[in-house]
Amino acid sequence: MKEYNIAVLSGDGIGPEVTAEAIKVLNKVGEKYDVKFNCKEYIAGGIAIDKTGNPLPDETLNACVNADSVLLGAVGGPKWDKAGGPRPEQALLGLRKGMEVYTNIRPAHVFKELQAASPLKDEILKRGVDLVIIRELTGGIYFGKSGLAEDGQSAFDTEEYSVPEIRRVIERGFDFAKKRRKKLTLVNKANIMETSRLWRKLFFEMAEDHPDIEVNELYVDNASMQLVMNPSQFDVIVTSNMFGDILSDEASMITGSIGMLPSASLGDSSNGLYEPIHGTAPDIAGLDIANPMATILSVAMMLRYSFDMADAADDIERAVGETLAEGYRTADIQNDDCKLVGTKKMGDIIAAKI
Ligand code: IPM
Ligand code: MG
């Protein structure tokens with residue numbers, strides 16, 4: 001029997017609740033496909049600050065680096081917002097860098113059943129929205145030299161990208177486009193930024209090796225407008241760290257249900273970091289009302305990208321789709337004639353469909 005070791009970082013707020021449901025579904029997949037998933041919990045984020053003073057203790061990072069895959073709930077909360085103290089989000093940046101997961105994959109998909117939750121008009125949505133943002137994750141301005149002058153009167157951040165850093169992310173973009181609708185859009189600010197011009201040069205050079213993929217580029221300001229005006233035009237978007245951070249939040253809102261969206265962060269090895277894109281929602285923590293679907297769908301991504309179990313991943317996605325079609329909803333996506341259920345019940349229903 002195949003065995004995989006999964007490091008689980010439930011984190012803060014609703015993290016532990018949604019993670020528990022995802023593991024419930026994963027265990028069901030294990031039974032069906034005859035695979036053993038050894039899930040072991042480690043601390044990260046606020047809970048780790050409380051216990052050790054460090055948002056990402058060495059033991060946690062080592063376990064994640066050595067695991068076959070990592071599942072993260074969410075980290076952060078107002079409790080750790082005090083100025084000067086360590087921040088839970090540092091755990092995320094440390095994990096990404098430590099695990100060398102340099103590409104972040106964020107699908108934004110409007111589920112037909114949830115179309116009404118989208119802030120966009122039906123006439124814009126009717127052509128369907130199913131896009132993936134591929135964001136560079138361990139370089140650029142979030143990791144460049146930065147500083148605040150001693151007198152506090154100026155500050156700076158720098159964006160620097162090397163050719164290999166750019167190429168490996170763009171390559172992932174082509175990989176994804178190839179398996180999807182064969183369209184890849186580079187988002188940049190090449191009219192202003194030198195780094196963007198390097199991205200553009202490499203992008204169009206690499207495009208020559210992928211004649212089956214339709215390519216185009218958009219400036220980031222235009223792209224942010226196009227995303228709400230005509231999101232159906234996008235298949236795969238590839239972009240730098242900061243642009244991807246901003247655009248992926250915008251794209252998630254188009255779907256109207258941030259509680260539904262998973263993400264994967266991948267590097268060269270099969271080990272990846274999987275997490276819902278939503279945060280810790282401290283206001284509803286512990287109430288058994290959070291939506292576990294994004295974390296459950298993150299497990300589907302884990303099966304697909306870390307364990308090469310595409311059938312099992314499809315199985316989970318189908319189970320989530322059927323659950324929605326039958327009218328089950330958590331509070332964040334409820335409507336008038338739905339069957340309102342809590343976090344655990346939602347996990348039970350989806351697990352039972354595996
Ligand atoms: C995200 C988050 C993080 C980021 C923050 C919390 C560091 O916004 O995953 O998009 O900017 O990468
Ligand atoms: Mg973000």
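Is Phe37 buried or exposed, and what is its relative accessible area? Phe37 is buried, with a relative accessible area of 9%, where buried stands for under 20% relative accessible area, exposed for over 50% and partly exposed for what lies in between, computed with a 1.4 Å probe on protein chains only. The model is a predicted one, in which local features need pLDDT of at least 70 and side-chain atom pairs count only at pLDDT 80 or more, while totals for chains, interfaces and linings use all residues. Residues are numbered from 1 along each chain as its sequence is written, and side-chain values use heavy atoms, with hydrogens and water left out.

The rings of Tyr4 and Phe37 are stacked, at 6.2 Å centre to centre and with 20° between the planes. Rings of Phe, Tyr and Trp (its six-membered ring) pair if their centres lie within 6.5 Å, and planes under 30 degrees apart count as stacked, over 60 as edge-to-face and the rest as tilted. Tyr4 counts as buried, at 13% relative accessibility. Tyr4 also stacks with Phe307, at 3.9 Å centre to centre and 15° between the planes. Because Tyr4 lies in strand S1 and Phe307 in the loop between helix H10 (293–305) and helix H11 (310–325), this pair ties together parts that are 303 residues apart in sequence. Tyr4, Phe37 and Phe307 form one aromatic cluster.

Helix H4 (residues 89–98) has Ala91, Leu92, Leu95 and Arg96 as its buried residues. Seen down the axis of H4, these fall within an arc of 130°, so they line one face of the helix, the arc being that of the directions from the helix axis to the C-beta atoms. Their cover includes strand S1 (2–11), helix H3 (58–66) and strand S5 (130–136), where contact means heavy atoms within 4.5 Å.

In helix H6 (residues 163–179) lies Arg172, which is buried yet has no salt bridge, the nearest side chain of opposite charge, Asp175, being 4.3 Å away. A salt bridge requires a side-chain nitrogen of Lys or Arg within 4 Å of a carboxyl oxygen of Asp or Glu; Lys and Arg count as positive and Asp and Glu as negative, with His and the chain ends not counted. Not counting residues up to four places away in sequence, Arg172 touches Thr103, Ile134, Leu266 and Gly267.

Technical notes: Chains lettered and ligands numbered in written order. Helix = DSSP H or I, 4+ residues; strand = E, 2+ residues; numbered from the N terminus.
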